[in-house]
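Open the model in your viewer and get ready to click along.

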Amino acid sequence: MKIFATRQLPEQILKAIESEGITVNQWAEKREMTKDEFLAEAAEAEGLFIMGGFKITADVIEALPGLKVISLMSVGYDNVDIKAATTHKIAVGHTPDVLSKATADTAFLLMLATSRKAFFHHKRIHKGEWKFFDPLANVGIDIHNKTLGVFGLGNIGFEMARLCKSAYGMDIIYHNRSTNKKAEDELGARKVTFDELLSQSDIISVHANLTPETKEVFNASAFSKMKPNAIFVNAGRGGIHNETDLKEALDNGTIWGAGLDVTNPEPMGADNRLLDMPNVSVLPHIGSAVKETREAMLELATENILAGLKGEKLPKCVNHEIYN
Ligand code: 8YV
């Protein structure tokens with residue numbers, strides 16, 4: 001059996017897979033591959049171990065007739081055409097839960113850093129601008145006892161809400177397709193409409209999946225309904241916000257600040273104007289980038305791919321329908 005991994009796997013993981021008699025072809029270059037390169041490397045693969053957001057479109061799936069399982073080292077699966085995978089009875093695995101706390105920490109960090117303009121002040125020191133004390137220059141805003149609006153209250157959103165409630169006594173409101181009873185019972189969270197989320201939140205934190213329904217829902221119209229002192233945080237997917245509209249909203253003071261772990265597009269270029277804005281903090285999609293978390297993700301992704309190759313149910317499967 002053969003698999004293709006889009007990055008080099010740690011030695012221990014590689015050995016564990018190879019000990020099952022599986023041949024692993026790994027992409028060793030430090031650049032994203034083209035679709036043709038991907039197809040050439042994956043040609044004989046029965047399993048794909050996807051690290052990073054390489055797009056597995058319907059034509060990629062159709063070009064790999066031996067494929068049984070796609071194992072993603074991510075909770076998000078917006079880079080895979082799930083419908084096409086399901087049609088071809090290919091199991092898609094992902095890595096939920098193990099990364100919830102680390103990803104929520106990143107959202108929390110961005111909220112706090114933005115509220116105190118931390119990244120901007122760091123840059124000021126670099127530029128030799130730490131000189132004269134001015135009591136009202138470049139001050140931040142207080143986030144104690146404010147209202148957090150969570151867009152997409154799954155496990156990561158829950159962890160973010162829990163942090164904000166315990167650290168800052170925040171009120172929690174959320175917008176989600178389904179009711180999150182645990183968040184309502186444990187955190188007193190209230191489910192609201194999208195418009196209520198926009199108008200009532202002091203901080204909006206995005207943790208939803210990127211789907212056709214959530215694509216660029218945070219656009220000019222949404223920002224115009226937010227409070228002028230609101231902070232927009234996105235640690236979900238950059239595609240959920242329209243970045244041109246976000247820049248305009250920040251320029252015009254429609255909203256106060258933004259903390260982004262994900263951008264639209266990715267990667268963000270060095271000349272992006274958002275990087276010069278005092279009330280903006282940007283990180284290069286490091287939500288789950290903690291050693292312990294990444295190891296847990298790799299382990300779970302390995303369990304998924306091994307199960308898929310053996311024709312067993314994946315421990316964490318996106319498209320359960322294939323088993324019906
Ligand atoms: C990954 C993520 O690091 O899990 C996700 O959905 O965005 C990150 O944890 C990234 O997708 C690379 O695989």
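Start at the boundary of domain 1 and domain 2, where the count is one salt bridge, meaning a side-chain nitrogen of Lys or Arg within 4 Å of a carboxyl oxygen of Asp or Glu. Select D78 and R237 to see their side chains meet in a salt bridge, 2.8 Å from N to O. By class, the side of domain 1 that touches domain 2 has three nonpolar, two polar and one charged residues (Ala, Val, Leu, Ile, Met, Phe, Trp, Tyr, Cys and Pro count as nonpolar, Asp, Glu, Lys and Arg as charged, and the others, Gly among them, as polar).

A word on the model: it is predicted, local features need pLDDT of at least 70, side-chain atom pairs count only at pLDDT 80 or more, and totals for chains, interfaces and linings use all residues. Residues are numbered from 1 along each chain as its sequence is written, and side-chain values use heavy atoms, with hydrogens and water left out.

Now colour the domains: an automatic or database assignment gives 2-96 + 290-323 as domain 1 and 100-282 as domain 2. Their C-alpha centres lie 31 Å apart. Six residues from domain 1 and five residues from domain 2 make the contact (heavy atoms within 4.5 Å).

Next, select the ligand. Which residues surround the ligand? Those with a heavy atom within 4 Å are G52, M73, S74, V75, G76, L99, R237, H285, S288, R294 and M297. Zoom in on R294: an N or O atom in its side chain is 3.2 Å from an oxygen atom of the ligand. At M73, a backbone N or O atom lies 3.0 Å from a ligand oxygen atom.

Methods: A polar contact is a pair of N or O atoms within 3.5 Å; within protein, one must be able to donate a hydrogen and the other to accept it, and residues adjacent in sequence count only if both atoms are side-chain atoms.
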